[in-house]
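Please find below my note on the structure under review.

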Amino acid sequence: MQNIFITLNSFQAEEVLEKGQEHFLPQITHAGAQGAEIRRELFTGDSFSLQELRTQLEEYHLTSVYSAPVELFNESGSLDKEAAALTIMEAITIGASIVKFSLGHYNMQTSSVMELKVWLASLKIENLDLQITIENDQTAHGGSIKKIHHFLKESKTLQVPVKMTFDIGNWAFTGEDVLSAAKVLSEYVVYLHFKYVDQRNDRLVTLPLPKDDASEWRNLIRYFSTDIPRAIEFPLTDGDEALIYTSLLAEA
């Protein structure tokens with residue numbers, strides 16, 4: 001069985017914002033998942049208790065990933081240290097095993113991966129049980145195979161402790177080929193996001209994975225290490241559907 005996470009944005013956003021992310025932890029446990037991906041954008045207001053959320057995650061014996069809509073490199077190509085530091089501290093507070101950023105406006109000529117290494121060393125990140133990752137997002141600048149590969153290759157060369165969250169559906173939004181991305185980037189990947197993206201009424205929409213014809217996403221899995229955690233990030237209608245997909249992904 002594989003470690004399966006369910007992202008909190010898989011549930012109805014309005015309901016999550018109203019009831020809080022902790023409300024859905026029992027459903028995640030009931031579905032047989034081992035982890036929850038907490039979403040920074042689904043907290044309401046300026047005041048929320050991350051420590052209380054950690055207590056409830058521990059109560060349900062759930063591992064956590066922390067996702068924030070924060071770009072590691074800002075529009076000038078420089079590190080956004082303030083936003084990244086806040087996100088890392090929030091991830092530490094909830095006891096997350098992985099924290100997820102977007103790469104942002106990384107410039108292959110001018111952005112400094114060495115600066116990132118020095119900065120992370122100043123945070124003593126190597127002493128924390130927290131893996132920093134960048135995810136291919138749905139933007140042209142943050143979802144480029146070429147840029148992501150360049151960044152991760154530089155990080156590996158310089159021994160910067162940053163890996164990748166690979167979202168199989170987001171490549172559709174940037175016009176990149178998912179299989180090409182998997183072949184080039186798989187060695188850096190520590191976490192997989194699963195969703196199905198299809199064209200509906202002239203726009204791309206996120207849908208549940210096809211259950212009857214699963215050959216495409218099943219074939220994709222073979223490019224990655226067998227022990228990589230897998231996350232459900234598509235609309236779930238109810239607990240029964242969550243249970244079905246958790247089992248499906250765990251056994252694929």
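1. Basis of the note. The model is predicted, so local features are reported only at pLDDT of at least 70 and side-chain atom pairs only at pLDDT 80 or more, whereas totals for chains, interfaces and linings use all residues. Residues are numbered from 1 along each chain as its sequence is written, and side-chain values use heavy atoms, with hydrogens and water left out.

2. Helices α4 and α5. Helix α4 covers residues 81-94 and helix α5 residues 113-122; their axes come within 12 Å and cross at roughly 45°. Helices here are DSSP runs of H or I with at least four residues, strands are runs of E with at least two, and both are numbered from the N terminus. Axes are lines fitted to C-alpha atoms, for helices over the stretch in contact, with angles from 0 to 180 degrees between N-to-C directions. The two helices α4 and α5 are therefore oblique to each other; under 35 degrees counts as roughly parallel, over 145 as roughly antiparallel, 65 to 115 as roughly perpendicular, and the rest as oblique. The crossing of α4 and α5 is right-handed, a term used if the near helix is turned clockwise from the far one by less than a right angle.

3. Residues between these helices. From α4, the contact involves K81, A84, A85 and I88; from α5, E115, W119 and L120 take part. Contact means heavy atoms within 4.5 Å. Sorted by class, the contact of α4 with α5 contains five nonpolar residues, two charged residues and no polar ones. In this scheme Ala, Val, Leu, Ile, Met, Phe, Trp, Tyr, Cys and Pro are nonpolar, Asp, Glu, Lys and Arg are charged, and the others, Gly among them, are polar.

4. D167. This residue, D167, belongs to strand β6, residues 162-167. D167 is buried, at a relative accessible area of 0%; buried means under 20%, exposed over 50%, and partly exposed in between, with a 1.4 Å probe and protein chains only. Which side chain is joined to that of D167 by a polar contact of 2.6 Å? The partner is K195. A polar contact is a pair of N or O atoms within 3.5 Å; within protein, one must be able to donate a hydrogen and the other to accept it, and residues adjacent in sequence count only if both atoms are side-chain atoms. The D167 side chain also reaches the backbone nitrogen of G169 at 2.9 Å. Leaving aside neighbours within four places in sequence, D167 has contacts that include E135, N136, H193 and E233.

5. S10. The loop between β1 (4-7) and α1 (13-19) holds S10, which is buried at 3% relative accessible area. S10 and I232 are 222 residues apart along the chain, yet their C-alpha atoms are separated by 7.3 Å. Beyond neighbours within four places in sequence, S10 is in contact with I232, E233, F234, P235 and L236.

6. N201 and D202. Most residues other than glycine have a negative phi. N201, not a glycine, has a positive phi of about 50°, and D202 has a positive phi near 65°. N201 lies in the loop between β8 (196-200) and β9 (203-207), and D202 is placed in the loop between β8 and β9. N201 is exposed at 76% relative accessible area; D202 is exposed at 77%.
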